[in-house]
Amino acid sequence: MSRRPINPARRLAGNGGFSLGGAFLSKTRSSLVLSVTLVLLGAFFFLGYLYAGSGRKEVVSRIEGELSGTLEAQRAIPILKKTYGDGMRKVLHVGPDTCAVVSRLLKEEDTEAWGVEPYGINDADASCKSLIVKGVVRVADVKFPLPYSSKSFSLVIVSDTLDYLSPKYLNKTVPELARVASDGVVIFTGHPRQQRVRVVEPSKFGRPAKMRSQSWWVRFFLQIGLEEKDSASKKFEQAATKASYKPSCQVFHLKSLH
């Protein structure tokens with residue numbers, strides 16, 4: 001009587017040894033665990049990237065803000081109020097984001113405010129659109145005469161604007177700002193050491209910002225026949241010191257045209 005051949009796989013399985021079926025199940029479980037682990041790690045790194053990205057944006061916004069003449073103009077409003085007193089009763093702001101500056105000025109007691117946006121408003125919110133509809137804010141090219149009569153405002157504040165004009169246009173624009181003011185003009189302009197005053201689309205301004213020194217501006221004011229308002233400069237410095245306010249850009253106070 002012949003003996004039946006024994007299946008080696010059955011002998012191994014029967015003896016508690018390694019089986020092909022067990023190996024397949026074990027491999028499947030390992031692949032599943034590995035896949036889940038990779039998915040979790042991927043999600044973790046993705047969330048970390050998003051968080052880091054938002055942090056970078058926040059830092060960039062903060063840096064841009066610190067170099068923004070328009071933001072400085074808003075921060076300086078309480079200081080300007082102490083400096084000019086009743087001279088803040090009718091204020092014109094000229095510069096980008098003028099809706100924000102005008103809205104801030106209108107919160108001040110006994111202060112009326114208007115604004116000129118020199119570069120167009122493409123993403124205006126409901127509040128800004130309302131100011132435009134009411135005629136409080138206008139879009140106008142500052143290279144040309146402003147649409148206001150002489151001495152229409154007690155004070156004119158300009159920010160993030162003159163740095164983008166060549167001397168050819170500055171010769172016309174700065175006297176025009178002084179023409180519509182009765183008590184003076186306050187100019188917020190960048191420092192030469194700054195790479196940029198405000199991050200914007202280059203096409204919006206037509207040319208890169210030109211950061212000029214204090215001595216350059218002083219000579220320029222003399223050349224076009226405008227005098228600095230020393231009394232206002234001193235009051236501004238005193239008020240700023242008491243309030244621990246230190247502007248990150250240059251601030252000039254000019255007399256109006258007589």
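Which residue lies over the face of Tyr169?

## Charges over rings

In this predicted model, the residue over the face of Tyr169 is Lys143, at 4.8 Å from the ring centre. A further case involves a tryptophan: Arg212 lies over the face of Trp216, at 4.7 Å from the ring centre.

## Aromatic pairs

A pair of aromatic rings is described by the distance of the centres and the angle of the planes. Across the whole structure, a search finds 10 aromatic pairs. One of them joins Trp216 and Trp217 in an edge-to-face arrangement, with 5.1 Å from centre to centre and 85° between the planes. Trp216 is partly exposed, its relative accessible area being 24%. Trp217, by contrast, is buried, with a relative accessible area of 0%; this value counts as buried because the term applies under 20%.

Phe221 and Phe252 also form an edge-to-face pair, 5.5 Å centre to centre and with 75° between the planes. This pair links distant parts of the chain, for Phe221 belongs to helix 9 (residues 214-223) and Phe252 to strand 6 (residues 250-254), 31 residues apart. Both Phe221 and Phe252 are buried.

## The ring cluster

The residues of these two pairs belong to a cluster: ring pairs link Trp216, Trp217, Phe220, Phe221 and Phe252.

How values were computed
Residues numbered from 1 in each chain as written. Predicted model: local features only at pLDDT ≥ 70, side-chain atom pairs only at ≥ 80, totals over all residues. Heavy atoms only, no water. Phe/Tyr/Trp six-rings, centres within 6.5 Å; stacked < 30°, edge-to-face > 60°. Buried < 20%, exposed > 50% of the residue type's maximum accessible area, 1.4 Å probe, protein only. Helix = DSSP H or I, 4+ residues; strand = E, 2+ residues; numbered from the N terminus. Lys NZ or Arg CZ within 6 Å of the ring centre and 35° of its normal.
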